Amino acid sequence: MKIAIIKELAEGERRVAGTPETVKKFKALGADVAVESGAGLTASVADADYAAAGAVLGDRAATVAGADIILGVQAADPASLSGAKPGAWVAAGFNPFGERARVDAYAAAGFEALAMEFMPRITRAQSMDILSSQSNLSGYKAVLDAAAEYGKAFPMMMTAAGTVSAAKVFIMGVGVAGLQAIATARRLGAQVSATDVRSATREQIESLGAKPIFVESVKGIEGEGSGGYATEMSEEYQKAQAELVSGHIAKQDIVITTALIPGRAAPRLISDGQIASMKPGSVIVDLAVEQGGNVEGAVAGEVVERHGVKIVGHRNVPSRLAADTSALFSRNLYNFLSAFWDKEKNAPVLDEEIGNAIRLTQGGKVVNERLLG
C-alpha cells in the first residue's frame, strides 16, 4: 500500500495534505509513504522532517508512481497523476459543484475521487470533517483580519487621558467559523452580537457571552437543513431579517459574515444601502466571498472601500494559517483512512454510509447522487 502526498500547485494554496506526524501514523498502519519534494515548505515543514518520519521524497512523477492513494488539499489536475495505480483513490477537496469539469476528468482518467468536503455530518465522522477543521481557523483569522484593518482598538481601555470605547462586533452566520469568530472577538475585548437563521444557535451564542439578534416576529421558522447546515429561508423571513439587521448593522464597528449553503451561491446578507448606514472606518469581513459573497460589493482577493467602509474579501483564508490548518487537514485525512483500515488487506475498505457520501467517481463514471440528481 503506497500513499502519496503531493505538493499543492493551485495559486495561493500554502497548505499540505500530510505532516511528519501523519506520515509516522500511516507507516505504523503498514503503508509506504511518498512525499513530493517541497510539498510542506509553505506550511513550515521541511523535506528533512518528512524523511525523518520515514517518507520517501521525490518529484511528482516518482511520488505518484504506483500509488494506491493520493492525498491533496485541493484536487490536482488528474493529468499530473498519471503513473498511479489504475483506480487509485484521490482524497482531497474537490469543490464538486463549482468545478464539475474536473470531476468528469477524474472519472475519465479512471481514478476513484473522494471529496472530503462531502463527509457526512455524523458523530463518527466529526474527526474526518475538513470543512469544520478549516472553518474553525477561518473564523479566528477573520477577526484578526478585521482588527488589522480597523483603525481603533478592540477592548475598552481606561486611561489617564480618558476612556477608549470597546469595538462592537456583529457575526452573521453562527456555524463553526462564526462560533470561533465570536470567541476570538470576545477574547480581544469587543462587545459581540450574532445572528443566524437556525434558532438552535441562540444558546450557543449566549454560551460564548455574545448577544443573540434574532427575528421574533415571524414564527414557526427553523432554518436548519440536513447535516446541520443552514437552508434558504422564506421571503417573509428574509424581509423581517433585513429590517432587524439594518437597524443593528448601523451601530456596529465590525461585521463578519460566514453564511454558506452547500451547492449554492452564498446568500446575500448585506446590501449597499446597509453598508452606507455604517460609520466611516467600519470594517466588514466576508468569509463567503469565493462563493459569490454575503456582502454586496465584496471582491474576492481584495480589500475594497465603499461609503468609507472597508470590505475584506481574502481568498482561501485557511491557507493564511497554513501550518495549523495543514496539521488539522492532515489529521482529518489520517482519521478517515485509519478508521476503515483492514489489517489483513493492508488497505482501507469504505462502508456504504461514508463511502457513498464522499465518492464522486468510480469505474470511469461519476457515481455521486448529489452530482447526478
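1. No residue pairs in polar contact are found between domain 1 and domain 2: the count is 0, with both residues required to be at pLDDT 80 or more. A polar contact here is a pair of N or O atoms within 3.5 Å; within protein, one must be able to donate a hydrogen and the other to accept it, and residues adjacent in sequence count only if both atoms are side-chain atoms. The count of salt bridges between domain 1 and domain 2 is likewise 0 (a side-chain nitrogen of Lys or Arg within 4 Å of a carboxyl oxygen of Asp or Glu).

2. The model is predicted, with local features needing pLDDT of at least 70 and side-chain atom pairs counting only at pLDDT 80 or more, while totals for chains, interfaces and linings use all residues. Residues are numbered from 1 along each chain as its sequence is written, and side-chain values use heavy atoms, leaving out hydrogens and water.

3. Domain 1 comprises 2-118 + 321-358 and domain 2 comprises 136-315, with bounds from an automatic or database domain assignment. Their C-alpha centres are 34 Å apart. To the contact (heavy atoms within 4.5 Å), domain 1 gives 5 residues and domain 2 gives 4 residues.

4. Between the two domains about 400 Å² is buried, 87% of it on carbon and sulfur atoms; this is the accessible area (1.4 Å probe) that two parts lose on being put together, summed over both. On the domain 1 side, Phe97, Leu321 and Leu328 lose the most area to domain 2, together 77% of what that side buries.

5. An open sheet of 7 strands shows mixed pairing in the order S11-S10-S9-S12-S13-S15-S14. Strands are DSSP runs (E, at least two residues), numbered from the N terminus, and two of them pair if DSSP finds at least two bridges between them. Strand S11 (211-212) and strand S14 (302-306) are the edge strands.

6. Within this sheet, S12 (residues 254-257) and S13 (residues 283-286) are parallel, with 4 bridges; Val255 has Ile284 in S13 as its bridge partner. S14 and S15 (residues 309-313) run antiparallel and are joined by 5 bridges, with Arg306 opposite Val309 in S15. The S14 and S15 hairpin has 2 residues between its strands, and His307 in the turn has a positive phi of about 55°.
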